[in-house]
Amino acid sequence: MRRFSWLHVPAAVTYLFLYLPIAVLVVMSFNAADTPYRLDGFGTAWYAKLFADRAVREGLVNTLLVAAGATVLSTILGTLLAVGLARHTRSKVLDAIALAPAVLPDIVVAIGLLAFYTAVQFTLGRQSILLAHAVFGTAFVAAVVRTRLAHVDGSLEEASRDLGATSLQTFVRITLPSLAPGIVAGALLAFTLSLDEFVIAFFTAGPRDPTLPIVIYSMVRFGVTPEINALATLLLAVSFTFVLIAQRLSRLTESL
């Protein structure tokens, strides 16, 4: 049994500060009252109203389409980028450039992408958001896959080439299966980030295809309602689930 330590107190206070508002939000999403600030019984009426909202449904569809497309692109590009940087072109400068979209402020990436779309006269819409999300998603996937690559025995790839396999055959039969846990973890992380991302989507979205975070922002501008609480709770549950799965896969990656 662990002894009590006063060092646990600031940790507990920190966790309480971080997660108490989220817990309150979840509880208030089941509020039977018409106001989000007073709990008056429990019910699921706001969830039913949420699913009946056409703007929310359309925003959810746009978000899922963007997240799915961005995940596919970022997973492919991020995996190839990680393998190329780790196995073929080792450069600290290229490493920094590859990870830059993940560490730069969202507002900087958003303004840069908007300026680029304007310069090339690219039509803003679902496709522009998808490509924008793939930009920073690629950086996160590359980082996760590179972590997995550090635990892959490079001698297996050398043995495959010594036995007459081409570089493509070695990649498909040896490298790719070894990277599978890291690739899946990176894909789940990219999907979760795209699902919740607002700033970049706000700058690169067209007027007709808003994502769900943009819809939430437009709803919050007129005041927080229990419907917003219900929507936030669902997003929280989905994001939390994907993050847990990605974290679990990352731990499996490090232990293999």
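This is a predicted model: local features need pLDDT of at least 70, side-chain atom pairs count only at pLDDT 80 or more; totals for chains, interfaces and linings use all residues.

Guide: Helix α6 covers residues 126-149 and helix α8 covers residues 167-196, and the two pack with their axes 8 Å apart at an angle of about 150°. Since angles over 145 degrees count that way, α6 is therefore roughly antiparallel to α8. The crossing of α6 past α8 is right-handed.

Now for the side that α6 brings to the contact: H133, F136, G137, F140, V141, V144, V145, R148 and L149. From α8 come S178, L179, P181, G182, I183, A185, G186, A187, L189, A190, L193 and S194. Sort the residues of this α6 and α8 contact by type and you get 14 nonpolar, 6 polar and 1 charged.

Helix α8 has another partner to look at, α3. Here the axes come within 8 Å and cross at roughly 140°, which means α3 counts as oblique to α8. The handedness of α3 passing α8 is right-handed. On the α3 side, the residues are T63, L64, V66, A67, A68, A70, T71, S74, T75, T79, L80 and V83. They meet F171, T175, L176, L179, I183, A187, A190, F191, S194 and L195 of α8. That contact divides into 15 nonpolar residues, 7 polar and no charged.

While you're on α3, follow it end to end. Helix α3 runs over residues 54-88, 35 residues in total. From first C-alpha to last, α3 reaches 50 Å, close to the 51 Å expected at 1.5 Å a residue. Look at the start of α3 too: a side-chain oxygen of D53 comes to within 3.0 Å of the backbone nitrogen of A55.

Notes
Residues are numbered from 1 along each chain as its sequence is written. Side-chain values use heavy atoms; hydrogens and water are left out. Helices (H or I, at least four residues) and strands (E, at least two) are DSSP runs, numbered from the N terminus. The expected span of a helix is 1.5 Å times one less than its number of residues. A polar contact is a pair of N or O atoms within 3.5 Å; within protein, one must be able to donate a hydrogen and the other to accept it, and residues adjacent in sequence count only if both atoms are side-chain atoms. Axes are lines fitted to C-alpha atoms, for helices over the stretch in contact, and angles run from 0 to 180 degrees between N-to-C directions. Angles under 35 degrees count as roughly parallel, over 145 as roughly antiparallel, 65 to 115 as roughly perpendicular and the rest as oblique. A crossing is left-handed if the near helix is turned anticlockwise from the far one by less than a right angle, and right-handed if clockwise. Contact means heavy atoms within 4.5 Å. Ala, Val, Leu, Ile, Met, Phe, Trp, Tyr, Cys and Pro count as nonpolar, Asp, Glu, Lys and Arg as charged, and the others, Gly among them, as polar.
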